[in-house]
Amino acid sequence: MSLEQDLEKRSGKKCELCASTTNLSIYEVKPSLTGGGGVDGSLLACETCITQIEDADQTDANHWRCLNDSMWSEHRAVKVVAWRMLSRLRAEGWPQDLLDMMYLEDDDLRFAKESGDHLDDSEKIIHRDANGAILEAGDSVVLIKDLKVKGSSMVAKQGTAVRRISLDHENAKYIEGKVGPTQIVIITDYVKKMAEKE
């Protein structure tokens, strides 16, 4: 079965967040590196939910009252997105009540926090590439200089693409990504964000 068929079967052909049956598509929970992708890291969602997840300015808090039900899902991707949206909306009052009831395993909670939605704007660490472009979890970057990889004899060459990066939430200068099979920490001063189509 394809990923879409698996998700349709799991969800009963409904948005796994709000139960809408129209304009459904696969939403891959980012960053894929730490847990997204595949059946466990994806969910079936409607256009309204996906638009609001991806653009905080479009968020309609009342739409997300549906999370009262979907936050209890047994599926990791659904729980993680529910937690992220409730965290983003917690100033409304009712989402905080739901968050207080919600429980996530440690790995799921770590994955949920990757988006930074649980932080106030003043607490968020902004990662920027060598040109000042904002980097987000799941972005792809290219190395702009040869980098020695600590603890190995490997050198990551200038021009190497690093896809689906994850961010260090304590240091704005650090990102992580895979160069070949090796997961490495990279300093943001030595990368340039790749355009979507590169």
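This is a predicted model: local features need pLDDT of at least 70, side-chain atom pairs count only at pLDDT 80 or more; totals for chains, interfaces and linings use all residues.
Let me begin with how the elements are named: helices (H or I, at least four residues) and strands (E, at least two) are DSSP runs, numbered from the N terminus.

Residues are numbered from 1 along each chain as its sequence is written, and side-chain values use heavy atoms, with hydrogens and water left out.

Most residues other than glycine have a negative phi, and most peptide bonds are trans. Asn-23 is not a glycine, yet its phi is positive, at about 50°. Ala-19 also has a positive phi, near 70°, and Ala-19 is in the loop between helix H1 (3-11) and strand E1 (24-28).

Are these residues buried or exposed? For those words I use relative accessible area: buried means under 20%, exposed over 50%, and partly exposed in between, with a 1.4 Å probe and protein chains only. Asn-23 is exposed, because its relative accessible area is 53%. Ala-19, at 43%, is partly exposed.

Now to the helices, and please find H4 on the screen. Two packed helices are described by the angle between their axes and the distance between the axes. Here the axes are lines fitted to C-alpha atoms, for helices over the stretch in contact, and angles run from 0 to 180 degrees between N-to-C directions.

How do H4 and H5 cross? The axes of helix H4 (residues 76-88) and helix H5 (residues 94-101) come within 8 Å, and they cross at roughly 140°. That makes H4 oblique to H5. As for the cut-offs, angles under 35 degrees count as roughly parallel, over 145 as roughly antiparallel, 65 to 115 as roughly perpendicular, and the rest as oblique. The crossing of H4 and H5 is left-handed; that is the word if the near helix is turned anticlockwise from the far one by less than a right angle, and right-handed is the word if clockwise.

Which residues meet there? From H4 we have Trp-83, Leu-86 and Ser-87, and from H5 we have Trp-94, Pro-95, Leu-98 and Leu-99. By class, the contact of H4 with H5 has six nonpolar residues, one polar and no charged ones. In this scheme Ala, Val, Leu, Ile, Met, Phe, Trp, Tyr, Cys and Pro count as nonpolar, Asp, Glu, Lys and Arg as charged, and the others, Gly among them, as polar. Contact itself means heavy atoms within 4.5 Å.

H4 also packs with H6, at an angle of about 50° and with the axes 9 Å apart. H4 and H6 are therefore oblique to each other, and their crossing is right-handed. On the H4 side the contact is made by Arg-76, Lys-79, Val-80, Trp-83 and Arg-84, and on the H6 side by Asp-107, Asp-108, Leu-109, Phe-111, Ala-112 and Lys-113. These residues divide into five nonpolar, no polar and six charged.

Trp-83 counts as buried, at 11% relative accessibility. Trp-83 and Leu-99 are 16 residues apart in sequence, and 6.9 Å apart in space from C-alpha to C-alpha.

Let's look along H6 itself. Helix H6 (residues 106-113) has Asp-108, Phe-111 and Ala-112 as its buried residues. Down the axis of H6 they fall within an arc of 100°, so they line one face of the helix; the arc is that of the directions from the helix axis to the C-beta atoms. Asp-106 and Arg-110 are exposed, on the face turned away from the buried side of H6. H4 is included in what covers the buried residues of H6.

In helix H2 (residues 47-54), Cys-49, Ile-50, Gln-52 and Ile-53 are buried. Their arc is 170°, so they line one face of the helix. They pack against E1, strand E2 (42-46) and H4.

One last stop is Ser-140, in the loop between strand E4 (134-135) and strand E5 (141-143). Ser-140 counts as buried, at 18% relative accessibility. Leaving aside neighbours within four places in sequence, Ser-140 is in contact with Val-162, Arg-163, Arg-164, Lys-193 and Met-194.
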